Amino acid sequence: MFLKEYIKEVYSAVKSLLVGMRRTGYYFTHHKEIITQQYPDNRATLHLPERFKGEVVMPHDNNNEHRCTGCTACELACPNGTIKVVTKFDVTPEGKKKKAVDKLVYHLELCTMCNLCVEACPSDAIKMAQTFEHSVYDRNMLTKILNNPGSKIMEGVE
Amino acid sequence: MVETIGNTAEGNMIINVGPQHPATHGVLHLVITINGETIQKVEPHLGYIHRSIEKMCESLTYRQFIYVTSRMDYLSAHINNHACALCVEKGLQIEVPTRAQYIRVIMDELTRIASHELWWGAMAMDLGAFTPFFHAFRERESINDIMEETCGARLTMNYMVPGGVMQDIHPDFQRKVKAFIQQFKSKFSEYNEMVTGNIIFQNRMKQVGVLSAEDAISYGCSGPAARGSGVSCDIRKIYPYEIYNTLEFEEVLETGGDSFARYMVRLNEMHQSIKIIEQLIDNIPEGDFQAKTKAVLKLPKGEFYQRVETARGELGVYIVSEGGTTPYRIKFRSPGFSNLSVLDHIARGSKLGDLVAMMGTLDLVIPDIDR
């Protein structure tokens, strides 16, 4: 009786191992089911969704104009002090002083890609870009100025 | 400081596991007293990844502090954010739109599946089986793709805001979730074939790290660690939040109390999460995804507490407000800390090799323990 139980146990143990091995063997012989992607060789075909949060950028149009008014809403919304807005005063043709953005300094090394600045922006001046390879050799290169040199605010954006 | 290595008077030996050890899944330092192969005492040392998140939250506004909690239990980052958003909404008495509630619950359950998938792979890897890790990551990858498309990130989503969710769901969301459900159902039998039924695996799990129901309660265990001992503690059932009281799902309970029972609880919980998603995915109502809130949130003076069920157990968020824009004090009751405290109790008297199985089935996430 004991021997019978023992043999039964050994049989079921070996069977359970073979069942697992069969599954491994299935994937060993079916290469089409392998989903591994060969990064970075697949850079050309790599598709990132448009909502992917890579880094904050400020889009400019062909006339080198952006939509940023320098209201500092993004600076206040940021939890880490990633964004610093340096403002200046432009003089309008009527001779009035008008607040405008001089430099929008963005520290990529502090950014956690939480998207709160983009949500806070009232004029849709900044957005998230789909870049993700951010490694550089010099940390100074991570501090970026988002508005292009010589750029100015778009007509009609308040 | 304890003696780090050496022989003590009774022939006991003190050895260190961690803080850099592949089986601790993070910087957990265990000082283990052993006699031969038998464990006499396990003493966890914490603080290697303490970032003082609670103190940090005191200087952030009610919109900003939510993102930090993703870094506590990063595998259920979404559910952590959910708890904070719910607590702030409780203070402000915001009515969350039904559409947002549906999206939140679907995302929560997807996160729970992703977390259990990773646990399953890592757990099998701890016990010496390497292949299951990749099989688990195949399914987890599908969830991460869904998250990436809708939330914009794969792990630390920061998708919850007080009043709803940050963006509406992606047009492809429902199709992709349904495809994932199909994929999960067709592949799940592999999990049982490869690991659950395996004789080596069963021998290493059964009757290892037995935790009685009384001890689970007195140590404050929650989540699958306690439900494996037959303690009913699912916050989704006991204190339902959002739309959980309208949903049909079972609280998974096992009575064994050993590592295998905790293993089975997590596997069956994945099925229950799929069941919840199936109920919701076709019925997401139209409407706003976010309630109208003020630009600057100010909680009234008082204390607010909200608990949710994360993949690891009960997470409590306690906010003390003085009426300003930032909280006066924030306390998180994290599931990992209480579950770790039981490790010494269940490990005493067992063999050193079984410690890995116990730590694996308690599903410790170290940043959640330290905060």
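Q: What makes helix 14 (residues 355-362) of chain B mostly covered?
A: In this predicted model, seven of the eight residues of helix 14 of chain B are buried, and buried means under 20% relative accessible area. The buried residues are B:Leu355, B:Ala357, B:Met358, B:Met359, B:Gly360, B:Thr361 and B:Leu362.

Q: Which residue just after helix 14 of chain B takes a positive phi?
A: B:Asp363 does, with a phi of about 55°.

Q: Why is helix 1 of chain A called oblique to helix 6 of chain B?
A: Helix 1 (residues 2-29) of chain A and helix 6 (residues 173-196) of chain B pack at about 135°, their axes 8 Å apart. Roughly perpendicular ends at 115 degrees and roughly antiparallel needs over 145, so the pair counts as oblique.

Q: Which residues make the contact between these two helices?
A: Helix 1 of chain A contributes A:Ser16, A:Val19, A:Gly20, A:Arg22, A:Arg23 and A:Tyr27, and helix 6 of chain B contributes B:Lys187, B:Glu190, B:Glu193 and B:Met194. They divide into five charged, three nonpolar and two polar residues.

Q: Where is A:Arg51, and what is in contact with A:Arg51?
A: A:Arg51 lies in the loop between helix 1 and strand 1 (55-57) of chain A. Beyond its neighbours within four places in sequence, A:Arg51 is in contact with residues including A:Gln130, B:Glu149, B:Asp168 and B:His170.

Methods
Residues numbered from 1 in each chain as written. Chains lettered and ligands numbered in written order. Predicted model: local features only at pLDDT ≥ 70, side-chain atom pairs only at ≥ 80, totals over all residues. Heavy atoms only, no water. Axes fitted to C-alpha atoms, helices over the stretch in contact; angles between N-to-C directions. Helix = DSSP H or I, 4+ residues; strand = E, 2+ residues; numbered from the N terminus. Parallel < 35°, antiparallel > 145°, perpendicular 65-115°, else oblique. Contact = heavy atoms within 4.5 Å. Nonpolar A, V, L, I, M, F, W, Y, C, P; charged D, E, K, R; others polar. Buried < 20%, exposed > 50% of the residue type's maximum accessible area, 1.4 Å probe, protein only.
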